[in-house]
Amino acid sequence: MAYGRIVTNEQANQLQGVFIDSDTFFTFVQDINGVYFLFLSEQDEIDVAQTEYAYLLDIPLSPYTPPPTPPIP
């Protein structure tokens with residue numbers, strides 16, 4: 001099972017595509033219920049910790065259930 005940080009729709013919309021550094025940007029994915037999740041690698045967490053977005057690291061990890069994969073015709 002995957003784990004990520006749950007963010008509000010507003011946070012996801014405001015931060016989508018915002019660069020953390022010169023080559024890393026935020027991207028969010030929705031779970032089976034349409035809830036937005038943020039996934040960060042260990043290196044991303046280190047990088048984010050030194051930015052104005054460090055507050056995102058305070059969000060606890062929650063289990064992520066992906067939406068079903070659409071059937072291939």
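**From values to terms**

Q: Why is Thr24 called buried in this predicted model?
A: Thr24 has a relative accessible area of 18%, and the term buried is used under 20%, so Thr24 counts as buried. Thr24 is found in the loop between H1 and E2.

Q: What makes the pair Thr24 and Asp23 a polar contact?
A: The two side chains approach to 3.3 Å, and the limit for such a pair of N or O atoms is within 3.5 Å. Residues adjacent in sequence count only if both atoms are side-chain atoms, and here the contact joins side chain to side chain. Leaving aside residues up to four places away in sequence, Thr24 also touches Val18, Phe19 and Asp44.

Q: Why is Asn33 called exposed?
A: The relative accessible area of Asn33 is 63%, and exposed means over 50%, so Asn33 falls in that class. Asn33 sits in the loop between strand E2 (28-30) and strand E3 (36-38), and its C-alpha atom is separated by 8.4 Å from that of Thr65, which is 32 residues apart along the chain.

Q: Which residues have the most contacts inside the largest nonpolar core?
A: They are Val7, Phe26, Phe28, Leu38 and Leu56, within a core of 13 residues. Helix H1 (9-15) and E3 each supply at least two residues of this core. Leu56 touches Arg5, Val7, Gln11, Leu15, Phe26 and Leu38, when residues up to four places away in sequence are not counted.

Q: How do the elements of the chain run from the N terminus on?
A: The order is β-α-β-β-α-β, with two helices and four strands in the chain. Of the contacts with a separation of 6 or more, 64% come from residues 24 or more positions apart.

Q: What share of the 73 residues in the chain is buried?
A: Buried residues make up 29%, and the chain exposes about 5000 Å², of which carbon and sulfur atoms supply 56%.

Definitions and conventions
Residues numbered from 1 in each chain as written. Predicted model: local features only at pLDDT ≥ 70, side-chain atom pairs only at ≥ 80, totals over all residues. Heavy atoms only, no water. Buried < 20%, exposed > 50% of the residue type's maximum accessible area, 1.4 Å probe, protein only. Contact = heavy atoms within 4.5 Å. Areas by Shrake-Rupley, 256 points an atom, 1.4 Å probe, with all protein chains shown as cover. Core = buried A, V, L, I, M, F, W, Y, C linked by side-chain atoms within 4.5 Å. Polar contact = N/O pair within 3.5 Å; in protein donor to acceptor, adjacent residues only side chain to side chain.
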